[in-house]
Amino acid sequence: MKNRFFAILLAMALLMAALPVSGLAASSKSGKVKGNSASIAITGDGIVMNIKWDKVSGAAGYEYAYNLFWKKGCKKSDYTVKSTTETGATIRLKDYGTVDIRVRAYKLARGKKVYGEWTSGRLKRSKVDKMIVKRLQKRMKTKDLFLKARSEGVQVHTGAGEQYGVIAKLSRADEVRATGSFKRDSSGTWWSQVVVSFDQNTTSKGWVSRKGTDPVWY
């Protein structure tokens, strides 16, 4: 009887200790991250996406996962997973496409992390494109954007695509000024409209691909 009494007390103590942790893992009120938002910024390293979420009461930290090339059938291995104690993170965009973001909070229980529910947010490529173009155009109001040729013979086309005629070829390290118009071709490659100077009195507008150029701000 005595042993049974102590067993009941031990079971109750373990249950009480586990309640806050299971509350984080299962309760959408205390454990599920809310308030996801994203914005675009331009840094010296390129274009980045800043994501933010609401603080979860009692959380020791957060785990976030992102996939920059999301498509149906993606697996866990397609995601980059990181941890932070902050309520936000910065993701460098290697290319521009649909971005899938997941965030969850965690508590520490006996030295182990116990996670809450994932909160998912997906930004389709069209939305990301608009955010990037808007940010680029805003910055171009205060700074000039030039595109520098990565190699010899970078072609300037009459339209946004390889199928258009060539009006000029850029030598390595040549720079041409961007006008602020940007398009994707059918393959998904980004193209920028630029001003090409042939001499002091002759200029023309054409298009160069992102693959062949690097951005330079002045």
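I started at Tyr-64, which counts as buried at 7% relative accessibility. Buried means under 20% relative accessible area, exposed over 50%, and partly exposed in between, with a 1.4 Å probe and protein chains only.

I noted the ground rules next. This is a predicted model, where local features need pLDDT of at least 70, side-chain atom pairs count only at pLDDT 80 or more, and totals for chains, interfaces and linings use all residues. Residues are numbered from 1 along each chain as its sequence is written, and side-chain values use heavy atoms, with hydrogens and water left out.

**Entry 1: aromatic rings**

I looked up the ring pairs. Rings of Phe, Tyr and Trp (its six-membered ring) pair if their centres lie within 6.5 Å; planes under 30 degrees apart count as stacked, over 60 as edge-to-face and the rest as tilted. The count comes to 5 aromatic pairs. Trp-53 and Tyr-64 form a tilted pair, with 6.1 Å centre to centre and 40° between the planes. Trp-53 sits in the loop between β2 and β3 (61-67), and Tyr-64 in strand β3, 11 residues apart. Trp-53 is buried, with a relative accessible area of 4%.

I then checked Tyr-106 and Tyr-115. Their ring centres are 5.7 Å apart and their planes stand at 65°, so the pair is edge-to-face. Tyr-106 counts as buried at 7% relative accessibility. Tyr-115 is partly exposed, at 24% relative accessible area. I also logged one aromatic cluster, formed by Trp-53, Tyr-62, Tyr-64 and Tyr-66.

**Entry 2: the whole chain**

I counted 2 helices and 15 strands in the protein. Helices (H or I, at least four residues) and strands (E, at least two) are DSSP runs, numbered from the N terminus. Of the 218 residues, 37% count as buried. The protein exposes about 13700 Å², and carbon and sulfur atoms supply 51% of it. These areas come from the Shrake-Rupley method with a 1.4 Å probe; for residues, only the protein chains shown count as cover.

Two strands pair if DSSP finds at least two bridges between them.

I found 7 bridges joining β1 to β2 (residues 46-52). Ser-39 has Asn-50 in β2 as its bridge partner.

Ser-37 bridges to Lys-52 in β2, and Lys-52 stands opposite Gly-88 in β5. β2 and β5 pair in the antiparallel sense over 5 bridges.

**Entry 3: Thr-213**

I ended at Thr-213, in strand β15 (residues 213-217). Is Thr-213 buried or exposed? Thr-213 is buried, with a relative accessible area of 4%. Leaving aside neighbours within four places in sequence, Thr-213 is in contact (heavy atoms within 4.5 Å) with Leu-147, Lys-148, Ala-149, Arg-150, Val-154 and Val-208. The Thr-213 side chain also reaches the backbone oxygen of Ser-209 at 3.0 Å.

Methods
Polar contact = N/O pair within 3.5 Å; in protein donor to acceptor, adjacent residues only side chain to side chain.
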